[in-house]
Amino acid sequence: PLSFTSSSSSGSSSPGFTMKRNKEECIMRAACYDSHGGQTVRRMREDYPMPTRRKGWVLVKIMAAGVNPVDYKLCRGDVPSILVPKPKIFGGDLAGVVVECDEDSKKFKKGDKVFGMMEYKYTKWGTYAEMACVRESALARMPKNLSFPEAACLPLVTLTSIQALRRGGICEKSRGQLKGKRILIHAGSGGVGSVAIQLARHFGLYVITTCSAKNAAFAKSLGANEVVDYRAQKFEEELKNNPVDFVFDVMGADIEKRSHQIIKQTKGSAYMTILTNGMFEYFEGWGRFKKPAAYTWGLGHYSWKLTKQLFMGPAYSVTIVQPCGEDMEYARDLVEKGILKPQLAKTYPFNRFNEALSEVAEGHCRGKLAIEIAGGGSGGSVRDDSSVSSARRLPVIDGKQSDGADEKKAGGMAGGIR
């Protein structure tokens, strides 16, 4: 067991930990980086200082952490250090056990299983670590029917989907008005896309998505009505005679320009996007001026789009995902009702976190990857969770459990990375 000190008088032991209340320095294992770069700057520290809990925050023993593209992009230096200081622990998604919380907390108690997302900005802390302090308002109790790795792969992608769709007018309150309307969701086999498809079908939308042919069956198993193979087809050509009401774009750059060709130019339609690093593609050859030029262009681009929507065309929204316990509670309810399924493909042991980051950086991941923190520290092999996830994968559509007919017609088997 890991020994550590605690400054709170309300703390007690949680499974696998021995709490020592003395003046010894609190240390833990954490995967972090001290400078920007690639694989060579990623390292595991055995002596990283433990976080100190404050009022309104929860000390969590992390059992598993989700892996997201933003994790390696921050290490690469896509965001200035003034926003994300170094040294920095990787990760924002977590699932774990409450070790300490406020004595008067009405939300959690010691021993509760929780999941959620930490804030990435203005902090050196992260979730590729044995412990983390998280705002109580950012957490929710874990779904009863999920393992820690399954729960850990949900927060960022689910929060992104819920918050982006809501900004476009797609939510529970408007569910009755959405039935039969059409949405194009880009990158449907990825982390955000795989959640967005399930949510869109839950809201009654007709879902069209883009992905590769090899992932078409997977996308249909999530609830997509139509799949456009982005390698062999141009979605703007396929949809030009039947425009969509909504577009959810996680790619940006050229995809955004092309998407505006096939969205209805009417009130009530909406284009939803997130802040991506796609704008860097325009300035690849600018050397050290690449980032300043991209940031300047991005500010002007998004400002113009947000202003333009006031006068004409569909609504335009840009979502910067935020930690939110209420949204996580909503996600938990959807999971427990069988509406939302985690798409966990692989679970890496903690000491192989670098491999997990590299796999995500290569792109084209189907579903999500997780890192097992507790019990996955030394040794161990990568676990293929696709068979577990596929057993949970058939979605509930219009109140009925899918029979997987679309998947069978597509000639494939629903599953994660195999």
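Reader: Which element gives the largest share of the lining of the second largest pocket?
Author: That is strand E9, residues 131-135, which contributes three residues to the lining. Please bear in mind that this is a predicted model.

Reader: What is the volume of that second largest pocket?
Author: The second largest pocket has a volume of about 350 Å³. It is lined by 18 residues, and the closest to its centre are Trp57, Met118, Glu119, Cys133 and Arg135.

Reader: And how do the lining residues of this pocket divide by class?
Author: Eleven residues of the lining are nonpolar, three are polar and four are charged.

Reader: What lines the largest cavity?
Author: Its lining consists of Cys153, Leu154, Val157, Ser194, Val195, Gln198, Lys341, Pro342, Gln343 and Lys368. Helix H5 gives the most, with three residues. By class, five residues of this lining are nonpolar, three polar and two charged.

Reader: Which residues line the second largest cavity?
Author: They are Tyr33, Asp71, Leu74, Lys88, Ile89, Phe90, Gly91 and Tyr120. Helix H1 (69-76) and strand E6 (88-89) are the elements that each give two or more residues to this lining. Five of the lining residues are nonpolar, one is polar and two are charged.

Reader: Now the six-stranded open sheet: in what order do its strands run?
Author: The order is E13-E12-E11-E14-E15-E16, with parallel pairing. Strand E13 (226-229) and strand E16 (315-319) are the edge strands, each pairing on one side only. On average, neighbouring strands of this sheet are turned by 15° against each other, direction ignored.

Reader: Over how many bridges do E14 and E15 pair?
Author: Strand E14 (residues 246-249) and strand E15 (residues 270-274) pair over four bridges, in the parallel sense. Within this pair, Val247 stands opposite Tyr271 in E15.

Reader: Which strands does helix H3 touch?
Author: Helix H3 (residues 155-167) packs on the sheet and touches strand E11 (182-185), E14, E15 and E16. The direction of H3 makes about 155° with that of E16.

Reader: Back to H5, then. Where does it lie?
Author: Helix H5 (residues 191-202) lies across E11, strand E12 (206-211) and E14. H5 runs at about 170° to E11.

Key: Residues numbered from 1 in each chain as written. Predicted model: local features only at pLDDT ≥ 70, side-chain atom pairs only at ≥ 80, totals over all residues. Heavy atoms only, no water. 1 Å grid on protein atoms, 1.4 Å probe; cavity = no way out; pocket = protein on both sides within 12 Å on 5 of 7 lines; lining within 4 Å. Points joined across faces, edges and corners; volume = space filled by probe spheres on them. Nonpolar A, V, L, I, M, F, W, Y, C, P; charged D, E, K, R; others polar. Pairing = 2+ DSSP bridges. Axes fitted to C-alpha atoms, helices over the stretch in contact; angles between N-to-C directions. Contact = heavy atoms within 4.5 Å.
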